[in-house]
Amino acid sequence: MNRPLATGSVQEFRRDRLLDVLIPTRDRPAELAVTLAGLAAQEGVPGFGVVVSDQSDDPPGFAHPAAATMVRALRHRGHPVLLTRRLPRRGLAEHRAYLLAASTARYVLCLDDDVWLEPGAVHRLVTAIEELGCGFVGNGVHGLSYLDDVRPETHRHYREWDGPPVPERIRPGSPEWDRAQIHSAANLLHVTAGLDLTPESWRAYRVSWIGGCVLYDRAKLVDSGGFDFWRRLPPNHQGEDVAAQLSVLASHGGAGVLPSGAYHLESPTTVTDRAVEAWQLL
């Protein structure tokens, strides 16, 4: 029998750690369990914290026995875990702002609740942002059902940084905006296969935005406004991550990192009313 799960408190959780992982979730207990399992298997970044904020219509996903077991596994391995509910729903950006406010870590990894991270992915991202010194780095997510769907026309959007990333002002409709095409389907796996990387090596490349798995320098994210723009948006929006990244890119620069260790679970979205693009309105 699965015993009741302690949720923790914000006051106890907020500590000056190297890294906190911020996970918003809604009506996805199975996917959340897989996401937490990926985190529980990470090595090389000891003691990172995890915040799960649930907006489910039903009982929270972290109450499911599979997810609860992964929470306990994380805690057993020395990772503080804070479990919260954020209701009523005020939109995706407000949810991310709430999660960000729960952390005082140097870096925050915004991780969607339908992304599995392979072992070593978090260590590689932390290594990259420490070496590059930019506002964010990220792993575009792979859709493995597209593994045999090779799209060479998108590979031209892959351009590596030959030094630390510099600030860029990127706008919709510009050539730089089309960089996001490299993150569709399994494009990154096909690009990575042609790079002949050694097990310990990685590459930083130019991006417009990355969905699902983005590691921010928290101070630089906050300096760029964080997700506080939620007050200017109706609740039925999407693209809040794009809006935040465009702002960080303009002030501090950012990069994608290959190889990506992020895999999309390809589950149906739980946010079905997305009438407004946050980046477009802002």
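## Basis of the values

Residues are numbered from 1 along each chain as its sequence is written, and side-chain values use heavy atoms, with hydrogens and water left out. Because the model is predicted, local features need pLDDT of at least 70 and side-chain atom pairs count only at pLDDT 80 or more, while totals for chains, interfaces and linings use all residues.

## The sheet

Helices (H or I, at least four residues) and strands (E, at least two) are DSSP runs, numbered from the N terminus. Two strands pair if DSSP finds at least two bridges between them. An open sheet is formed by 8 strands in the order 3-2-1-4-8-6-10-7, with mixed pairing. Strand 3 (81-85) and strand 7 (203-205) are the edge strands, each pairing on one side only. From one strand to the next, the twist averages 25°. Axes are lines fitted to C-alpha atoms, for helices over the stretch in contact, and angles run from 0 to 180 degrees between N-to-C directions.

Two helices lie across strands of this sheet. Helix 3 (residues 65-76) lies across strand 2 (49-54) and strand 3, at about 145° to strand 3. Helix 4 (residues 92-101) lies across strand 1 (19-25), strand 2, strand 3 and strand 4, at about 150° to strand 1. Contact here means heavy atoms within 4.5 Å.

## Strand 8

Buried means under 20% relative accessible area, exposed over 50%, and partly exposed in between (1.4 Å probe, protein chains only). In a regular strand the side chains alternate between the two faces of the sheet. C213, L215 and D217 point one way from strand 8, and V214 and Y216 point the other way.

Strand 8 pairs in the antiparallel sense with strand 4 (residues 107-111) over 5 bridges; in this pairing C110 stands opposite V214. Strand 8 also pairs in the antiparallel sense with strand 6 (residues 136-138), over 3 bridges. V214 is the bridge partner of G138, and L215 is the bridge partner of V137.

## The cavity

A cavity is a set of points, on a 1 Å grid over the protein atoms alone, where a 1.4 Å probe fits but cannot get out; lining residues have an atom within 4 Å of a point. Grid points are joined across faces, edges and corners, and a volume is the space filled by probe spheres set on the points. The count comes to 1 cavity of 30 Å³ or more, and about 60 Å³ of space lies in the largest cavity.

The residues lining the largest cavity include R96, C110, D112, V214, F227 and Q245. Strand 8 and helix 8 (240-252) are the elements that give two or more residues to this lining. The largest share, 3 residues, comes from strand 8. By class, the lining has 6 nonpolar, 2 polar and 3 charged residues. Ala, Val, Leu, Ile, Met, Phe, Trp, Tyr, Cys and Pro count as nonpolar, Asp, Glu, Lys and Arg as charged, and the others, Gly among them, as polar.

## Two single residues

H95 lies in helix 4 and is buried, with a relative accessible area of 4%. Leaving aside neighbours within four places in sequence, H95 is in contact with P24, T25, S53, D54, Q55 and R86.

R15 is found in the loop between helix 1 (10-13) and strand 1. R15 is partly exposed, with a relative accessible area of 43%. Not counting residues up to four places away in sequence, R15 touches T104 and A105.

Key: On a 1 Å grid over the protein atoms alone, a cavity is a set of points where a 1.4 Å probe fits but cannot get out, and a pocket is an open set with protein on both sides within 12 Å along at least five of seven lines; lining residues have an atom within 4 Å of a point.
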